[in-house]
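Hello,

Here is the structure I promised to pass on to you. Please open it beside this email, and then read on for what turned up in it.

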Amino acid sequence: DGMDAPAIRPVGSVLLFTFGLETTDQELYDLCHCHPGGGASVRVDERELRAAMERRHARADVIIDARPFPDPEAQNLTRHTGHNHEIMARLVNHRNFRRWLLGVKDKFQAV
């Protein structure tokens, strides 16, 4: 499934995982489906995300949530793996992208 990460990574390397809250594991799935808005609007604590990643044997130094970008045009592109070119183009052109990206930069610099 592509989520298993090597145990040792070289210093200065980045290993990127993309995942959907509703498709990663059963606990996140249950959390999303018990929430009225589903995975798009449920608040998930970073500890819960880290635990889900660990259940998939994927250690993460930085976890970044890209859900703050509503995309009504993506209706037929749901369940994508995080690299659909149409969705990515709309994401980088979203009015919140620059502020979000600055937050991502801060998280990377902190580790």
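**Salt bridges**

The count comes to 5 salt bridges, where a salt bridge is a side-chain nitrogen of Lys or Arg within 4 Å of a carboxyl oxygen of Asp or Glu. Before the details, please keep in mind that this is a predicted model, in which local features need pLDDT of at least 70 and side-chain atom pairs count only at pLDDT 80 or more, while totals for chains, interfaces and linings use all residues. Residues are numbered from 1 along each chain as its sequence is written, and side-chain values use heavy atoms, with hydrogens and water left out.

Side chains of opposite charge can pair when their charged atoms come close. Helices here are DSSP runs of H or I with at least four residues, numbered from the N terminus. Is D25 buried or exposed? D25 is buried, because its relative accessible area is 14%, and buried means under 20%, exposed over 50% and partly exposed in between (1.4 Å probe, protein chains only). R55 has 34% relative accessibility, so R55 counts as partly exposed. D25 and R55 also belong to a salt-bridge network together with E27.

Next, look at E46 and R50, which form a salt bridge with closest N and O atoms 2.9 Å apart. Both lie in helix α3, 4 residues apart, which is about one turn of the helix. E46 is partly exposed at 35% relative accessibility, and R50 is partly exposed at 27%.

The side chains of D61 and R59 form a salt bridge too, at 2.6 Å from N to O. R59 is exposed, with a relative accessible area of 52%, whereas D61 is partly exposed at 36%.

**Inside and on the surface**

Which residues make up the largest nonpolar core? There are 9 of them: L21, L28, C32, V42, V44, L49, A52, A60 and I63. Helices α2 (26-33) and α3 (46-55) each supply at least two residues of this core. A nonpolar core is a set of buried Ala, Val, Leu, Ile, Met, Phe, Trp, Tyr and Cys residues joined through side-chain atoms within 4.5 Å. I63 touches E46, L49, R50 and K107, leaving aside residues up to four places away in sequence; contact means heavy atoms within 4.5 Å.

H94 sits in the loop between α4 (85-92) and α5. H94 is buried, with a relative accessible area of 19%, and touches P68, F69 and P70, again not counting residues up to four places away in sequence.

F108 lies in helix α5 (residues 97-110) and is partly exposed at 39% relative accessibility.

**Confidence**

The chain averages a pLDDT of 80, and 80% of the residues score at least 70; pLDDT is the predictor's confidence in each residue, from 0 to 100. Among the elements of the chain, α5 has the highest mean pLDDT (91) and α1 the lowest (82). Where pLDDT is low, the predicted coordinates should not be read in detail.

Best wishes
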